[in-house]
Amino acid sequence: MRFLLLLLFCASTAHADGVTIDFGDGNPFDRFIIGNVGCALEDATLIIDTRGTTGDVLMDTVRGGPGTQDPMPIAIKTGDAQILPTRDGSQLLILKIGYLKSDDRISVTLDVDDGAAAAHIDRVEVAQNEMAGASARLIVHRQSTIGIFGQDGTVLIEAPNTAKSCLIS
């Protein structure tokens, strides 16, 4: 009976499974907070693509590139994830998630700049609404889903169907 109730509970809440990403502009660094709002994720890939942003947002990792003069290396501050190599000026950030339990977070610090404005001034802040239009793709077991950042700098990405079973997490 308990198994049946657990199965029904997971099936009824499966639509809420996924991850949220919240972009925050800061000084001295910007931040992506990735939160799991569903079942545990294991061996997943998350790709944040800023090519569609209203602010032409790019990663500023070294001096002398297309960003401003206050670059910062991209770093995982909390959580079980790795960053794939990201070249300066890139508009793709790829994270390999080892394990992310339900209601847990991964915190990534970095410097992002408005590519158009960076060519003209020394310091650029990217507001949350400039992330609007960026996409985020979650890949689990070779299936993926995508979400688009809104004006508030956040996105909810539903987990692919293969990741929606709490019983196998």
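## Basis and confidence

The model is predicted: local features need pLDDT of at least 70 and side-chain atom pairs count only at pLDDT 80 or more, whereas totals for chains, interfaces and linings use all residues. Residues are numbered from 1 along each chain as its sequence is written, and side-chain values use heavy atoms, with hydrogens and water left out.

The chain has a mean pLDDT of 82, and 78% of its residues reach 70 or more; pLDDT is the predictor's confidence in each residue, from 0 to 100. Among the elements of the chain, β6 has the highest mean value (98) and helix α1 (residues 2-13) the lowest (42). Over residues 1-15 the pLDDT is below 50, and this stretch has six contacts in the model beyond near neighbours in sequence. Contact means heavy atoms within 4.5 Å. Helices (H or I, at least four residues) and strands (E, at least two) are DSSP runs, numbered from the N terminus.

## The five-stranded sheet

Five strands form an open antiparallel sheet in the order β5-β8-β2-β1-β12. The edges are β5 (75-78) and β12 (154-158); each has a single partner strand, so one side of each is left without a neighbour in the sheet. From one strand to the next, the twist averages 20°, the axes being lines fitted to C-alpha atoms, for helices over the stretch in contact, with angles from 0 to 180 degrees between N-to-C directions.

Strand β8 (residues 105-110) pairs with β2 in the antiparallel sense over six bridges, and Gly-35 stands opposite Arg-105 in β8. The antiparallel pairing of β5 with β8 has three bridges; here Thr-78 has Ser-107 of β8 as its bridge partner. Two strands count as paired if DSSP finds at least two bridges between them.

Buried means under 20% relative accessible area, exposed over 50%, and partly exposed in between (1.4 Å probe, protein chains only).

The largest nonpolar core has 31 residues, and those with the most contacts inside it are Ile-21, Phe-32, Val-108, Leu-138 and Phe-149. Such a core is a set of buried Ala, Val, Leu, Ile, Met, Phe, Trp, Tyr and Cys residues joined through side-chain atoms within 4.5 Å. Among the strands that each supply at least two residues of this core are β1 (18-24), β7 (92-100) and β10 (135-140). Beyond its neighbours within four places in sequence, Val-108 is in contact with residues including Phe-32, Ile-34, Ile-76, Leu-93 and Leu-95.

Asn-36 is found in strand β2 (residues 30-36) and is buried, with a relative accessible area of 2%. Its side chain reaches the backbone oxygen of Lys-101 at 3.4 Å. Leaving aside neighbours within four places in sequence, the contacts of Asn-36 include Gly-18, Val-19, Leu-41 and Asp-104.

Asp-80 lies in strand β6 (residues 80-83) and counts as partly exposed, at 44% relative accessibility. The side chain of Asp-80 reaches the backbone nitrogen of Tyr-99 at 3.0 Å. Asp-80 and Glu-42 are 38 residues apart in sequence and 9.7 Å apart in space, C-alpha to C-alpha.

Terms used:
Polar contact = N/O pair within 3.5 Å; in protein donor to acceptor, adjacent residues only side chain to side chain.
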